[in-house]
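Please look through the sequence and the model shown here before reading on. The report that comes after them is meant for a reader who is new to this structure.

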Amino acid sequence: MSEPDLKFAANLRWLFPDLPLDRSIPAAAEEGFRGVEIPAPYEHPPQQLRRLLDGAGVAAVLLNTPQGPAGSPTANGAACLPGYGPQFRSGVERGLEYAEALGCPRLHVVAGRRPTEVSRERAFAHYVHNIGWAAERARATGVRLVVEMQNQRDVPGFVVESQAAAAAVAEAVGEPVRLLFDVYHTQVTEGDVVRTFDAVLPLIEHIQIGDAPTRGEPGTGELSWSFVFGHIRRSGYTGWLGCEFRPDQSAAGVLTRLSELI
């Protein structure tokens with residue numbers, strides 16, 4: 001059996017940080033991407049975004065639930081925050097609305113950072129409860145929800161601290177909740193990327209990539225990407241790999257440079 005080709009999707013926030021969505025979507029298409037991650041689509045009507053996607057010939061492959069402004073309690077998500085139930089639930093409803101309108105099959109329910117006055121146990125229990133609620137809402141839509149761990153160096157207090165914790169939530173809640181496996185966060189937190197990947201592979205719905213230690217473009221940091229990419233291909237994974245990293249100088253030529261690492 002031949003190994004599947006790797007499919008790279010442009011994360012519009014990271015690859016085109018200076019462009020608004022009406023320009024970053026066609027810019028991604030011009031660079032050869034056929035899939036895009038849209039972390040924050042909510043300032044634009046979904047019908048407008050669908051026209052932009054269709055016109056550029058690209059698919060939306062991942063959205064995030066709404067996040068608050070920088071410095072706010074919900075800047076990294078609201079799912080784990082006691083007292084923010086209305087914001088969380090309205091955010092999930094809005095995310096599912098956009099995902100359905102854009103034909104996007106995945107919604108990342110962003111977990112959030114634990115307030116210092118809230119114990120990790122309480123915040124995590126609140127998170128699991130909210131993911132269960134979101135799963136009930138998503139089951140009627142056909143949209144899969146994905147959960148993600150993030151490293152404590154970049155996001156201190158992020159409530160999901162390991163791939164094992166994220167996988168446990170996905171297993172406990174069940175479909176349509178799956179795992180977003182972020183290579184960069186895994187390397188910073190746990191290392192041993194390939195073995196960690198294998199341990200949760202049956203639950204992985206989506207992958208994001210970035211090199212450690214600074215979330216740079218693959219090939220600019222400490223990871224052996226020919227080995228990592230080769231292992232992902234041999235695993236049989238057929239989903240998207242989201243390019244959630246700072247490109248080397250610019251997004252121009254990213255796909256060519258990635259292909260040289262495979």
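## Basis of the report

This is a predicted model, in which local features need pLDDT of at least 70 and side-chain atom pairs count only at pLDDT 80 or more, while totals for chains, interfaces and linings use all residues. Residues are numbered from 1 along each chain as its sequence is written, and side-chain values use heavy atoms, with hydrogens and water left out.

## Aromatic rings

Rings of Phe, Tyr and Trp (its six-membered ring) are taken as a pair if their centres lie within 6.5 Å, and a pair is called stacked if the planes are under 30 degrees apart, edge-to-face if over 60, and tilted for the rest. By this rule the model has 6 aromatic pairs. In one of them, Phe-8 and Phe-229, the ring centres are 5.6 Å apart and the planes stand at 75 degrees, so the pair is edge-to-face. This pair links distant parts of the chain, with Phe-8 in strand S1 (residues 7-11) and Phe-229 in helix H9 (residues 225-235), 221 residues apart; helices (H or I, at least four residues) and strands (E, at least two) are DSSP runs numbered from the N terminus.

Both Phe-8 and Phe-229 are buried, where buried means under 20% relative accessible area, exposed means over 50%, and partly exposed lies in between (1.4 Å probe, protein chains only). The rings of Trp-225 and Phe-229 have centres 5.1 Å apart and planes at 45 degrees, so this pair is tilted. Trp-225 and Phe-229 are 4 residues apart in helix H9, which means that about one helical turn separates them. An α-helix has 3.6 residues a turn, so residues three or four places apart point the same way. Trp-225 counts as buried because its relative accessibility is 2%, and Phe-229 counts as buried because its value is 0%. Phe-8, Trp-225 and Phe-229 form one aromatic cluster.

## Charges over rings

A charge is said to sit over a ring if NZ of Lys or CZ of Arg is within 6 Å of the ring centre and within 35 degrees of the ring normal. Arg-120 lies over the face of Phe-124, at 4.9 Å from the ring centre, and Arg-215 lies over the face of Trp-14, at 5.4 Å from the ring centre.

Arg-215 is found in the loop between S7 and H9, and its phi is near 55 degrees, a positive value in a residue other than glycine. Arg-215 counts as buried because its relative accessibility is 5%.

## Packing of helices H3 and H4

Helix H3 (residues 46-56) and helix H4 (residues 85-102) pack at an angle of about 35 degrees, with their axes 9 Å apart; the axes are lines fitted to C-alpha atoms, for helices over the stretch in contact, and angles run from 0 to 180 degrees between N-to-C directions. Contact here means heavy atoms within 4.5 Å, and the residues that make it are Pro-46, Leu-49, Arg-50 and Leu-53 of H3 with Tyr-98, Ala-101 and Leu-102 of H4.

Asn-11 is placed in strand S1 and is buried, with a relative accessible area of 2%. Although Asn-11 and Glu-37 are 26 residues apart in sequence, they are 4.5 Å apart in space, C-alpha to C-alpha. Not counting residues up to four places away in sequence, Asn-11 touches Phe-16, Glu-37, Pro-39, Gln-208, Cys-243 and Glu-244.

In helix H2 (residues 21-30), Leu-21, Ser-24, Ile-25, Ala-27, Ala-28 and Ala-29 are buried. The buried residues of H2 pack against S1, helix H1 (12-15), strand S2 (35-38) and H3. Just after H2, Gly-32 takes a positive phi of about 100 degrees.

## Backbone features in the loops

A cis peptide bond joins Glu-175 and Pro-176, with omega about 5 degrees, and Pro-176 is in the loop between helix H6 (163-173) and strand S6 (177-182). A cis peptide bond also joins Ala-212 and Pro-213, with omega about 15 degrees, and Pro-213 is in the loop between strand S7 (204-209) and H9.

Gln-249, in the loop between strand S8 (240-243) and helix H10 (254-259), has phi near 75 degrees, a positive value in a residue other than glycine. Gln-249 is exposed, with a relative accessible area of 80%.
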